[in-house]
Amino acid sequence: MATDASPPKASPDTGPAQPTTEEFVEVQASAEFAELRHAHRSFAFPLTVAFVLWYLLYVLLSNYAGGFMGTKLFGNVNVALVFGLAQFLTTFLIAWFYSRHAATKLDPKAAVIKSRMEADA
């Protein structure tokens, strides 16, 4: 069924103006953005590698050092259980450290870049 009605009018955009692709590329090439990227990578990559190595150590010990992992520490708690629970603890600690790092180092730099881009748009 066809109608002769015109399409609805678009509502005016009330949000901030969006930067262009060229502006994004320009910011990405800036020293300020490189510093932000370095601050993120210098924290995230080493911690990721350390955690993966720690996890692989746990897996390898579980597979190849059954006697050691089965060593009773107290009651029914053995080394394997302690290492397994330590995996959860380190996961939460890394998340907490990253949250602190982001709040103190990354977020302020990102906010400066964002405000400048919004002001220029």
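**View 1. H4 gives the most to the lining of the largest pocket, with 4 residues.** This is a predicted model, in which local features need pLDDT of at least 70 and side-chain atom pairs count only at pLDDT 80 or more, while totals for chains, interfaces and linings use all residues. Residues are numbered from 1 along each chain as its sequence is written, and side-chain values use heavy atoms, without hydrogens and water. The lining consists of Glu23, Glu26, Val27, Ser30, Glu32, Ile113, Arg116, Met117 and Asp120. H1 and H4 each supply at least two of its residues. By class, the lining holds 3 nonpolar, 1 polar and 5 charged residues. The pocket volume is about 160 Å³. A pocket is an open set of points on a 1 Å grid over the protein atoms alone, where a 1.4 Å probe fits, with protein on both sides within 12 Å along at least five of seven lines; lining residues have an atom within 4 Å of a point.

**View 2. Helix H1 (residues 21-28) crosses helix H4 (residues 79-120) at roughly 150°.** Their axes come within 11 Å. Helices are DSSP runs (H or I, at least four residues), numbered from the N terminus. Axes are lines fitted to C-alpha atoms over the stretch in contact, with angles from 0 to 180 degrees between N-to-C directions. H1 and H4 are therefore roughly antiparallel (over 145 degrees). In H1, Glu23, Phe24 and Val27 meet Ile113, Met117 and Asp120 of H4 (heavy atoms within 4.5 Å). This contact has 4 nonpolar, no polar and 2 charged residues.

**View 3. Helix H2 (residues 31-64) crosses H4 at roughly 175°.** The axes of H2 and H4 come within 10 Å. This pair is therefore also roughly antiparallel. The H2 contact with H4 divides into 20 nonpolar, 6 polar and 4 charged residues.

How values were computed:
Angles under 35 degrees count as roughly parallel, over 145 as roughly antiparallel, 65 to 115 as roughly perpendicular and the rest as oblique. Ala, Val, Leu, Ile, Met, Phe, Trp, Tyr, Cys and Pro count as nonpolar, Asp, Glu, Lys and Arg as charged, and the others, Gly among them, as polar. Grid points are joined across faces, edges and corners, and a volume is the space filled by probe spheres set on the points.
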